[in-house]
Amino acid sequence: LDAVPSRRGFMPARRDENPASPRDAPRRVPGAPESLNPARLAVVEALMDIAGRRGFHVAVVLPPRLDPDDARLAAETAYIEALAAMPYPDSRTVLDHRDPPFLERAAFYDRGHLNRAGAAQFSEALGRELAALLD
């Protein structure tokens, strides 16, 4: 029994758009840090390709984080560079919220997660930003 979902998180409109299994993705992205998961990156690239061909827009959110270490910064840089190299660049908007000025340290549960109050504050701000993209 295949334990990997065949549609990898999204449903293609046509059978020929079904992306390959994550097992078919490269084991490592050349020059990328070990923490950049090539299978997850392949899912994002497949979504960008489908979005471009179907004519819909994708909002990619870079989430808030606190005091990133060098490995985190390297992974973020590699991810942003990989996004920039993906097909159909006009079919996406990158919403960079890695260091949102409206979130204080008290809004974080730990370095990579918001607490309940921080999540509510961030969700409200992100909702306004997404709504503006739809106008």
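Visitor: Where do Arg-128 and Glu-124 lie, and how many residues apart are they?

Guide: In this predicted model, both Arg-128 and Glu-124 belong to helix H3 (residues 116–134). They are four residues apart, about one turn of the helix.

Visitor: What forms between Arg-128 and Glu-124?

Guide: The general idea is that side chains of opposite charge can pair when their charged atoms come close. Here Arg-128 forms a salt bridge with Glu-124, with the closest N and O atoms 3.0 Å apart. Arg-128 is exposed at 52% relative accessibility, and Glu-124 is exposed at 53%.

Visitor: How many salt bridges does the structure hold?

Guide: The structure holds nine. One of them joins the side chains of Glu-76 and Arg-65, at 2.7 Å from N to O. This pair links distant parts of the chain, with Glu-76 in helix H2 and Arg-65 in the loop between S1 and H2, eleven residues apart.

Visitor: Is Glu-76 buried or exposed?

Guide: Glu-76 has a relative accessible area of 9%, so it counts as buried, the limit being under 20%. Arg-65 is likewise buried, with a relative accessible area of 6%. Both residues also belong to a network of salt bridges that links Arg-65, Arg-72, Glu-76, Asp-96, Arg-98 and Asp-99.

Visitor: Which residue forms a salt bridge with Asp-69?

Guide: The partner is Arg-111, and the closest N and O atoms are 3.6 Å apart. This pair, too, links distant parts of the chain: Asp-69 is in the loop between S1 and H2, while Arg-111 is in the loop between strand S3 (108–110) and strand S4 (113–114), 42 residues away. Asp-69 is partly exposed at 36% relative accessibility, and Arg-111 is partly exposed at 43%.

Visitor: Which residues make up the covered face of strand S1?

Guide: In a regular strand the side chains alternate between the two faces of the sheet. In S1 (residues 58–62), Val-58, Val-60 and Leu-62 form the covered face, whereas Ala-59 and Val-61 form the uncovered one.

Visitor: Which strand is joined to S1 by five bridges?

Guide: Strand S2 (residues 92–96) is joined to S1, and the two run parallel. Within S2, Arg-92 is the bridge partner of Val-58. With helix H2 (residues 70–85), the two strands make a right-handed β-α-β unit.

Visitor: How many residues does the largest nonpolar core have?

Guide: The largest nonpolar core has eleven residues, including Val-58, Val-60, Ala-78 and Met-86. Helix H1 (38–54), S1 and H2 each supply at least two of its residues, and H1 gives the most, with four. Apart from this core lies another of seven residues, among them Leu-103, Phe-108, Phe-122 and Leu-126.

Terms used
Residues are numbered from 1 along each chain as its sequence is written. This is a predicted model: local features need pLDDT of at least 70, side-chain atom pairs count only at pLDDT 80 or more; totals for chains, interfaces and linings use all residues. Side-chain values use heavy atoms; hydrogens and water are left out. Buried means under 20% relative accessible area, exposed over 50%, partly exposed in between (1.4 Å probe, protein chains only). Two strands pair if DSSP finds at least two bridges between them. A crossover is right-handed if, with the strands pointing away from the viewer, the path from the first strand over the helix to the second runs clockwise. A nonpolar core is a set of buried Ala, Val, Leu, Ile, Met, Phe, Trp, Tyr and Cys residues joined through side-chain atoms within 4.5 Å. A salt bridge is a side-chain nitrogen of Lys or Arg within 4 Å of a carboxyl oxygen of Asp or Glu.
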